[in-house]
Every structure is written in C-alpha cells, then in structure tokens.
Amino acid sequence: MIELRHVQKHFGDLHVLKDINLKVEKGEVVVLIGPSGSGKSTLCRTINRLETIDSGEILIDGKPLPQEGKELAATRAEIGMVFQSFNLFAHKTILDNVTMGPVEVLHRDRKEAEAEAMELLRRVGVAEQAKKVPAQLSGGQQQRVAIARSLAMHPKAMLFDEPTSALDPEMINEVLDVMVGLAREGMTMVVVTHEMSFARRVSDRVEFMADGQILEEGDPNEFFDHPKTERAREFLESIKGH
Amino acid sequence: MRDALFEAPGPKTKRKILVGTIISSIAIAAILVWVVLRLYQMGQFDASYWYFFGQWSTWRFLLQGLAGTAEVAVTAGVIALALGILFMFGRISKNRVVSGIFRVIINFFRGIPSLLLIYFFFLVIPSYGIKMPAFWMLTLPISLTASGVLAEVFRAGVNAVPKGQREAALSLGMTEGKVLRKIILPQAIRYVIPSLISQLVVVVKDTSVAYVVSFPDLLQNARVLISNYDSLVSVYFVVAIIYILINYAINELAVRMARQSGTKVVTRAQENPV
C-alpha cells in the first residue's frame with residue numbers, strides 16, 4: 001500500500017534520509033523507532049509530502065505520490081495524519097474540527113457529518129467535549145480528537161508522528177488504547193514512537209533508524225529482546241530506564 | 001492588571017516609589033495650576049470665549065463635522081481593510097515577481113505621509129482632468145496609506161499562526177487556498193485585532209487634515225467656529241476632548257474584543273521536531 005524506493009533527502013548539508021526503502025502492506029502496523037535526529041519523523045512526513053524528497057520514489061497503492069495540486073490533496077485526504085503537537089484547529093470547536101474534513105474536502109452534508117463525528121468522538125471517549133474549543137481540553141483528549149478527525153475521512157492508512165511524546169505520562173495510555181483498537185481493526189499504520197509496549201502488542205514490524213538510515217528491521221519482540229546491531233543495543237539500553 | 005515589566009517591589013523600593021509619587025504629583029499639580037492661572041490672566045475663561053457652547057446650533061455644527069469625520073474614517077477603514085488583505089495576499093505569493101511588486105506597493109504606501117498623498121490627489125490628479133469630490137480626495141489617500149500598514153499587520157498575523165495548523169489542514173486534503181481561507185486567515189485576524197484597531201485610531205486622526213481639501217469634518221467645522229467667535233483655545237480644547245473620547249472608546253472596544261477572542265485561541269506549546 002505504501003512503498004518508498006531509494007528515497008534521499010537533505011536539509012542543507014545534513015543528509016537526513018539515506019536511500020530509504022520501505023514497504024507497508026495493507027493492514028500492516030509498522031513502528032519507526034530510533035534516537036532523535038535519526039530522520040524517523042521526516043520519513044513519516046514524506047509519505048504525505050509534508051516533507052518533499054530529493055530523489056527516489058514514493059508509491060501509494062502502486063501509484064507515484066502526486067507532487068502538487070488537486071491530485072496531491074486527494075491523496076492526502078486518503079491518508080490520515082496525527083501529529084506530536086495535536087494541531088487541532090484552534091478557532092474551531094471539537095465537533096467542527098472533526099467535521100471540517102468531511103464537509104470541506106469530501107463535500108458531505110453537514111448534518112450527516114456531525115452525526116458521524118459524534119459517533120467517532122464517542123468511540124475515542126471525548127463526546128462530552130464536543131462543544132468546547134481545543135485549548136480547553138487536556139493533551140490526551142486533544143490527541144484523541146485529532147485521531148477522530150483523521151478517522152472522519154475514512155483513511156486507508158494512517159501516519160502517527162510521535163503521537164504520545166508531548167503528553168503527560170498519565171495521558172499516554174488513553175491515546176495508545178485508541179491506537180491499539182485501530183490496529184486490531186486492521187488499519188494500515190505507520191507509527192513513529194518510543195512506546196515499546198505499543199510496538200510489542202500490535203506492531204507487525206519494527207524499523208530501527210539512526211543517522212538517516214534504516215539499520216535494522218524485523219519482528220518487534222525479536223528486535224527488543226535480541227537487537228542485531230550495536231547501535232540498536234545502545235539505543236534500547238538508553239531508553240530502558242523509562 | 002499590573003504591567004508585568006517589573007517584579008513585585010520590596011520595602012526599600014516601595015519607599016522610593018512613594019517618595020517619587022508624592023514629588024511628581026506635586027510637580028504635576030503645580031504645572032496645572034500655572035497653566036490655568038496663565039489662561040485666566042490672558043482672559044481665556046472670559047464668557048465671550050465660552051457662551052456659544054451653551055447654544056444648540058454650535059453643537060449641531062460640531063456634530064455635523066463629526067458625522068463627516070465618521071463618514072471618512074469608516075469608509076477609509078473599510079477600504080483599507082479590504083486592500084490590506086489583498087496586498088497581503090500579493091505579498092505572500094510564492095510567485096517572486098508578484099510578491100516583489102506587492103512588496104514595493106506596500107512599502108510605498110506605508111512610507112508616504114498621508115498628507116503628501118492627499119496633496120497628490122488634490123493638486124496633481126485634477127490637473128489631468130480627473131474630477132473627484134472632496135470626500136474621495138481625502139478618503140482614498142487615507143485608505144491607501146493605512147492599507148500598506150494593514151497588509152503588514154495581516155502578514156504578521158498569518159505568520160503567527162503555528163505551522164502545524166497548516167500541516168493538519170493540508171493532511172486532511174485541503175488545497176492551499178482553502179487552508180488559507182478556512183484555517184489560517186480566521187486565526188490570523190484574531191491575533192491582530194488589537195493592531196487593527198490601533199490602525200483605525202490612526203485613520204480617525206488622519207481625517208483631521210480634511211481642511212486641505214475643504215471637506216467639512218470635525219476640525220474643519222471647528223475652524224469655522226473659531227473664526228466666527230474669535231475663540232481659538234476654547235474651541236480647540238473642546239474638539240480635542242471629542243477626538244480623545246472617540247479614540248479612547250475605539251481602544252476600549254479593541255481591548256474587549258482582544259480579551260474575548262484571546263481566551264478562545266490560546267493554544268498549547270506547538271513545536272515540531274525535525
């Protein structure tokens with residue numbers, strides 16, 4: 001469903017993505033893990049072209065990712081994205097945040113969209129907050145709304161860019177629970193995260209990145225228990241204390 | 001609310017502040033007394049300078065002037081807002097030529113004094129045979145100079161919207177234009193409401209050069225009163241109070257609006273890691 005071939009990217013002199021090859025099948029959950037600055041967020045963001053690439057190919061359902069215009073927008077509409085900093089629309093209510101995509105992009109009837117949005121908000125457990133604005137919600141609640149906002153577009157795949165990194169510890173699980181539920185329902189997911197428990201429970205594959213390269217990939221339990229590379233061993237050692 | 005520039009004062013500082021307050025109060029009182037005394041000695045409190053403020057016709061005349069001022073200020077304000085947004089769009093265009101052209105336009109109108117532009121509309125344009133009522137010879141230059149400033153104000157607002165807002169909207173599948181209209185602009189305008197209102201105050205004050213084109217605004221009518229009753233100080237005094245009250249009211253409105261929208265748009269720290 002998502003395929004990257006020989007993807008290269010520089011930020012000025014910095015070579016952030018070095019010949020990345022990655023394939024995510026329909027229904028697969030792939031976790032990108034690695035030290036900060038390793039390029040995992042950038043990699044995740046290239047998949048819907050929030051970051052451009054210098055060379056290589058990105059294929060969505062076998063077709064090249066469009067580079068601009070309506071085609072790019074249409075492709076983005078099919079891929080959900082959840083950000084580290086939630087990025088809920090600050091001037092809209094929670095309900096309007098969720099109906100924004102269906103109404104403005106898919107031109108759905110507002111009444112219908114609202115009914116479905118309420119259903120989604122119930123599912124992620126924040127239906128009572130529908131009339132509030134984002135700043136009135138906790139981080140965990142905001143992130144669950146962000147997930148509902150993406151789901152309202154009926155995406156065929158979802159990208160999660162460090163979805164729990166900006167959250168207070170006691171709110172991490174409420175977001176992870178929603179993500180686990182999605183994974184179990186068969187959503188195709190690419191997740192940048194340090195949450196080992198999540199990776200072990202639901203991911204099909206872990207990709208370990210460092211210095212812009214994928215150094216190791218494989219079964220999550222295998223990776224966490226018996227990392228093959230020295231770099232991965234060091235990294236896992238350093239995050240163990242948490 | 002206390003201005004948050006300084007930390008809470010300790011005992012020593014409190015004593016210093018008290019002494020300073022007493023001394024400056026005395027000084028200000030002394031200056032006021034001196035001014036009033038001088039005015040009195042010059043006979044400025046003489047009834048002949050003030051009696052006509054007891055007549056309805058005087059106030060009606062001033063109110064007519066005030067209506068003229070309001071008409072110019074509101075029209076100029078509306079045009080300036082529209083042009084400001086238009087110029088801002090040109091300025092943030094990704095097309096370098098377009099962006100460059102609007103950069104020049106904005107800086108031209110932002111940099112030129114409105115009086116100079118009024119002279120241009122009043123003296124130069126008619127000499128090419130284009131006739132224009134006094135109202136527009138006043139309103140257009142004021143709108144144009146204000147629109148240059150407003151374009152930059154709007155641009156600052158657009159830049160103040162966290163980039164995550166744009167990214168979230170794009171990833172929902174919105175086109176660039178829709179993102180700007182539905183997500184960025186509504187938030188940008190809320191951010192800049194206080195600056196918009198202060199610019200409106202500038203517009204109100206700019207209208208006071210109406211005498212150049214003989215348009216009957218508040219100050220122009222005041223000048224008529226002055227020559228009729230030969231009473232400069234009293235008329236200017238009253239007119240100044242009217243201007244101050246109007247602009248104070250506009251500012252109060254700004255503070256209230258900013259407070260209202262401000263509490264709604266407060267966002268959490270929005271950072272994006274590389």
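Buried, on this tour, means under 20% relative accessible area, exposed means over 50%, and partly exposed lies in between, with a 1.4 Å probe and protein chains only. You are looking at a predicted model, in which local features need pLDDT of at least 70 and side-chain atom pairs count only at pLDDT 80 or more, while totals for chains, interfaces and linings use all residues. Residues are numbered from 1 along each chain as its sequence is written, chains are lettered from A in the order in which they are written, and side-chain values use heavy atoms, with hydrogens and water left out.

**Stop 1: a pair of rings in chain A**

Select F208(A) and F223(A), which are both buried. Rings of Phe, Tyr and Trp (for Trp, the six-membered ring) pair if their centres lie within 6.5 Å; planes under 30 degrees apart count as stacked, over 60 as edge-to-face and the rest as tilted. Over all chains, the structure holds 16 aromatic pairs. Here the centres are 5.8 Å apart and the planes of F208(A) and F223(A) stand at 35 degrees, so the pair is tilted. The pair links distant parts of the chain, 15 residues apart: F208(A) belongs to strand β9 (residues 205-210) and F223(A) to helix α8 (residues 220-225) of chain A. Helices (H or I, at least four residues) and strands (E, at least two) are DSSP runs, numbered from the N terminus.

**Stop 2: rings in chain B**

Now pick W50(B) and F237(B), whose ring centres are 6.4 Å apart with planes at 75 degrees, so this pair is edge-to-face. W50(B) sits in helix α2 (residues 47-50) and F237(B) in helix α10 (residues 232-265) of chain B, 187 residues apart. W50(B) is partly exposed because its relative accessible area is 29%.

**Stop 3: a loop residue in chain A**

Move to E162(A), in the loop between β7 (157-161) and α6 (169-184) of chain A. Is E162(A) buried or exposed? E162(A) counts as buried, because its relative accessibility is 13%. Its side chain makes a polar contact of 2.6 Å with that of S165(A). A polar contact is a pair of N or O atoms within 3.5 Å; within protein, one must be able to donate a hydrogen and the other to accept it, and residues adjacent in sequence count only if both atoms are side-chain atoms. Leaving aside neighbours within four places in sequence, E162(A) is in contact (heavy atoms within 4.5 Å) with K40(A), S41(A), Q84(A) and V192(A).

**Stop 4: where chain A meets chain B**

Show both chains: 34 residues from chain A and 28 residues from chain B take part in the contact. How many salt bridges does the rule find across the interface of chain A and chain B? There are three salt bridges, each a side-chain nitrogen of Lys or Arg within 4 Å of a carboxyl oxygen of Asp or Glu. Select E104(A) and K182(B) to see a salt bridge at 3.3 Å, N to O. The largest share of the side of chain A that touches chain B, four residues, comes from α3(A).

**Stop 5: a glutamine in chain B**

Finish at Q187(B), in helix α8 (residues 176-206) of chain B. Q187(B) is buried, because its relative accessible area is 0%. Its side chain makes a polar contact of 3.2 Å with that of H91(A), and another of 2.7 Å with that of Q165(B).
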